[in-house]
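This report describes selected local features of one protein model. The sequence and structure are shown first, followed by the description.

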Amino acid sequence: MNLPLKYGILTGLAAVLWKLGEYYLNLNSNTIGAWAGFIPYFILFIGVFIGILAQKRDDISGAGLLEFKQGARTGVVISLVTGIILAIFGFVYCRFINPEFLEQHLAMTKDLMLKDKRPAEIIEKEMQMIKDSASVGRLMFRSFTTSLFIGMIVSFILAAILKKEAKENAD
């Protein structure tokens, strides 16, 4: 198994473990703050960073040398695999493990709006918009594309920072 694929699977599994903990321990924005939803992306950042470092140190790929293209490709593959794993997990979770997830999410969102003391007509309009756009397929697609996009940006930045190319002799 090649290195980016291995780190992508490990990163995806770590993000899935966080999401499982988040769901079953009820760690949402009410309990630990608004940043709870960003933890999977932080896990992705760590996975991409460690994967690019591992690629840089890999004996086969150049023993300490890393071209920008190679680092970026490694990070994008890790992000792609992680996004696929998160999307598959989300689908399985919403369809089979917790089929009431969307209803629970809508109820929590409505409670937050009520706590903010928004007018009833605004709450109803926003809830209808959320219901119209909230489906398992859309949520999984959004999860996949967000992971891929964030991972690509992080990959390009880390590849630029960590690149170390062979110096050519100019004798």
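The model is predicted, so local features need pLDDT of at least 70 and side-chain atom pairs count only at pLDDT 80 or more, while totals for chains, interfaces and linings use all residues. Residues are numbered from 1 along each chain as its sequence is written, and side-chain values use heavy atoms, with hydrogens and water left out.

Lys 117 is placed in the loop between H4 and H5. At 74% relative accessibility, Lys 117 counts as exposed; the classes are buried (under 20% relative accessible area), exposed (over 50%) and partly exposed (in between), with a 1.4 Å probe and protein chains only. As background, most residues other than glycine have a negative phi.

**Helix H1**

Helix H1 covers residues 3–24, 22 residues in number. From its first C-alpha to its last, H1 reaches 32 Å, close to the 32 Å expected at 1.5 Å a residue; the expected span is 1.5 Å times one less than the number of residues. At the start of H1, a side-chain oxygen of Asn 2 comes to within 3.2 Å of the backbone nitrogen of Leu 5. The buried residues of H1 include Leu 3, Tyr 7, Val 16 and Trp 18. Their cover includes helix H2 (39–57) and helix H3 (68–97), where contact means heavy atoms within 4.5 Å.

**Salt bridges**

How many salt bridges are there? The count comes to 3, a salt bridge being a side-chain nitrogen of Lys or Arg within 4 Å of a carboxyl oxygen of Asp or Glu.

| Lys 19 | Glu 22 | 3.5 Å |

Lys 19 and Glu 22 are separated by about one helical turn, because they are 3 residues apart in helix H1. Both Lys 19 and Glu 22 are buried. Lys 110 is partly exposed at a relative accessible area of 31%, and Glu 124 is partly exposed at 45%. In the remaining pair, Glu 126 is partly exposed at 25% and Arg 118 is partly exposed at 35%.

**Nonpolar surface and isoleucines**

Tyr 24, Leu 80, Ile 84, Ile 88, Phe 91, Val 92, Phe 96 and Ile 97 make a nonpolar surface patch of about 760 Å². Such a patch joins nonpolar side chains (Val, Leu, Ile, Met, Phe, Trp, Tyr) within 5 Å, from residues with over 30% relative accessible area and no salt bridge. H3 supplies the largest share of the patch, 7 residues. Ile 84 lies in helix H3 and is partly exposed, with a relative accessible area of 38%.

Ile 153 is found in helix H6 (residues 136–162). Ile 153 is partly exposed, with a relative accessible area of 40%. The C-alpha atoms of Ile 153 and Phe 45 are separated by 9.9 Å, and the two residues are 108 residues apart along the chain.

Definitions and conventions. Helices (H or I, at least four residues) and strands (E, at least two) are DSSP runs, numbered from the N terminus. A polar contact is a pair of N or O atoms within 3.5 Å; within protein, one must be able to donate a hydrogen and the other to accept it, and residues adjacent in sequence count only if both atoms are side-chain atoms. Patches are made of residues with over 30% relative accessible area and no salt bridge: like charges are joined within 9 Å, nonpolar side chains (Val, Leu, Ile, Met, Phe, Trp, Tyr) within 5 Å. Accessible areas come from the Shrake-Rupley method with a 1.4 Å probe; for residues, only the protein chains shown count as cover.
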